[in-house]
Amino acid sequence: MSDLDFSVILPAPRERLMELATDFENFPKYIPHQLKSVVVLEKNEKETTTLETIEFSSYLKTSFEQKTIHRWVSEHEIESDIISGPAKGSKISMVFEKLDNDTKVSVLIKLKLNLKAKFLLPIIKKWYKRIILSILYKMNAL
C-alpha cells in the first residue's frame, strides 16, 4: 500500500464544498475526459455506493470501472473505500476544515493496486492527486 497525502486551501464556505463533494453524479462534468460516468447504486443517510467509469489516457489509453462506498465519518469528513476495480482496497479520506472565510481540504489516499496495475503506481498516484485537485478547484469556481 502506498500513501498520498496533500491539502489545499480554497476560498469557499466549508458547507458548500461538502455539498458539492458529495454530489457524486456531477463529478464527470468537472473532469469529463478522465471520469466518464458516476452512477449512484445505493444511497442512505450514512453512505453512498457509486460505480465509476474511469479513463486513463496519459501513457496507455485504457478504461475501467470501479465501485466505491463513500461514508460520512463526521459532519465534515468523508471516507471512500474502493471495493472493486484495479484499486480495490484503497481508501480515500477527505476532511473539510473551516478557516475564517476559507476551507482547508485535507486528502489522504491509501492506495492499493492489483498486481497488473502496480507497475503504474507513480502514474496512478499523480492521476489521483490531479483528479481530486481538479474536482476541488472546479467546485470552488462554482
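Which residue in β3 stands opposite E42? I looked this up to start with, and T49 stands there.

Notes on the model: I am working with a predicted model, where local features need pLDDT of at least 70, side-chain atom pairs count only at pLDDT 80 or more, and totals for chains, interfaces and linings use all residues. Numbering starts from 1 along each chain as its sequence is written, and side-chain values use heavy atoms, with hydrogens and water left out.

The hairpin. I followed β2 (residues 35–43) into β3 (residues 47–56): they run antiparallel, joined by 7 bridges, and a hairpin of 3 residues connects them. K43 has T48 as its bridge partner in β3. Strands here are DSSP E runs of at least two residues, helices H or I runs of at least four, and two strands pair if DSSP finds at least two bridges between them.

The sheet. I traced 7 strands in an open, antiparallel sheet, ordered β1-β7-β6-β5-β4-β3-β2. β1 (2–10) and β2 are the edge strands, each pairing on one side only.

The rings. I found 3 aromatic pairs (ring centres of Phe, Tyr or Trp, the latter by its six-membered ring, within 6.5 Å; planes under 30 degrees apart are stacked, over 60 edge-to-face, the rest tilted). F24 and F27 are edge-to-face, at 5.7 Å centre to centre and 65 degrees between the planes. F27 and Y30 have centres 6.3 Å apart and planes at 55 degrees, so I logged that pair as tilted. Both F27 and Y30 sit in helix α2 (residues 27–30), 3 residues apart, about one turn of the helix. Ring pairs link F24, F27, Y30 and W72 into a cluster.
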